[in-house]
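Work through these exercises with the sequence and the 3D view open. Try each task before you read its solution.

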Amino acid sequence: MSKLRGDAERWLLSFYRESEISGALFFGRLASVIRDPRLQFDLTRHFADESQHARWWSDCMDELGVRPTRVQASYQDAYLEAGGAPANVMEVLAVTLAFEKRVAGSYAAHLKVHDLAPPIRTTLARIMEDEGWHIHWVSRTLRDLEPEYGPDTVAAAIERYAAADREVYQRALAEHDHIVGTLQHFKAA
Ligand SMILES: [Fe+2]
Ligand SMILES: [Fe+2]
C-alpha cells in the first residue's frame with residue numbers, strides 16, 4: 001500500500017521528477033554547445049546534478065510504492081515567454097538564477113512540512129545541498145561576466161528574469177505552494 005498522503009504528494013513528487021528532467025535536458029544541451037572551458041565545466045556538473053536529482057526522485061517514489069503521474073513542468077519555457085528569449089550566455093545564466101532560486105525555495109518550503117515520509121525528507125535534503133551550489137556558481141559567473149557585458153546590463157537581465165519568475169510563479173507555480181500547504185493537514189501514514 002502506498003505510504004504517500006494521497007494524490008497531492010504523488011503529484012508533487014512527479015512534478016519534481018519532471019522538472020529535474022527538464023533541467024537536466026536544458027543544461028545538457030548548453031553543456032554540449034558552450035565552448036568557454038570554465039562554463040563548460042560547471043554546466044556539465046550542473047547537468048549531471050539535475051539528472052541525478054531526477055533519479056533520486058524516481059528512487060524515492062519507488063521506495064514509497066508509487067509510479068509518477070503525468071505532469072506539465074515546462075516552466076523553463078514559461079520563463080522564456082515571460083522574460084524574452086536570452087540573447088547570450090549572460091542572459092541564459094540570468095534566467096537560470098531566477099529558476100534555481102525558485103526551485104530551492106519550493107524544496108525548502110516542502111522540507112518544513114511536519115511528519116514527512118523519511119524518503120521524501122532525505123531526498124529533499126540531499127538535493128538542497130546541490131541546489132545551493134547551483135545558485136552559487138551561477139551568481140559567481142554572472143559577477144565574472146560584468147566586465148564583458150557591463151554591470152548595469154547584467155543587473156538589468158537578472159531583474160528582468162526575476163520579474164518573469166514572479167509572473168510565472170503567480171500563474172503556475174503557486175499551485176505547488178497550495179499543494180504543500182494542504183499536506184500540513186495530513187497525518188503521516
Ligand atoms: Fe535539481
Ligand atoms: Fe538546480
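**Exercise 1.** How many residues has the largest nonpolar core, and which have the most contacts inside it?

*Solution.* This is a predicted model: local features need pLDDT of at least 70, side-chain atom pairs count only at pLDDT 80 or more, and totals for chains, interfaces and linings use all residues. Residues are numbered from 1 along each chain as its sequence is written, while chains are lettered from A and ligands numbered from 1 in the order in which they are written.

Step 1. Recall the term: a nonpolar core is a set of buried Ala, Val, Leu, Ile, Met, Phe, Trp, Tyr and Cys residues joined through C-beta atoms within 7 Å. Buried means 20 or more other C-beta atoms within 10 Å of the residue's own (12 or fewer is exposed, in between is partly exposed), with C-beta atoms placed from the backbone.

Step 2. The largest nonpolar core has 19 residues. Those with the most contacts inside it are Y79, A94, V95, A98 and Y161.

Step 3. Two or more residues each come from α3 (75–83), α4 (89–111) and α7 (151–183). Helices are DSSP runs of H or I, at least four residues, numbered from the N terminus. The largest share, nine residues, belongs to α4.

Step 4. Another core lies apart from this one, with eleven residues, among them L13, C60, I120 and I127.

**Exercise 2.** What span should helix α5 have, and how far apart are its end C-alpha atoms?

*Solution.* Step 1. The expected span is 1.5 Å times one less than the number of residues.

Step 2. Helix α5 (residues 118–144) has 27 residues, so it should span 39 Å. Its end C-alpha atoms are 40 Å apart, which agrees.

**Exercise 3.** At what angle do α2 and α5 pack?

*Solution.* Step 1. Axes are lines fitted to C-alpha atoms, for helices over the stretch in contact; angles run from 0 to 180 degrees between N-to-C directions.

Step 2. The angle is about 165°, and the axes are 10 Å apart. So α2 is roughly antiparallel to α5 (angles under 35 degrees count as roughly parallel, over 145 as roughly antiparallel, 65 to 115 as roughly perpendicular and the rest as oblique).

**Exercise 4.** Is W56 buried or exposed?

*Solution.* Step 1. Find W56 in helix α2.

Step 2. W56 has 20 other C-beta atoms within 10 Å, so W56 is buried.

Step 3. Leaving aside neighbours within four places in sequence, W56 is in contact (C-beta atoms, placed from the backbone, within 7 Å) with T123, R126 and I127.

Definitions and conventions:
Two residues are in contact if their C-beta atoms, placed from the backbone, lie within 7 Å.
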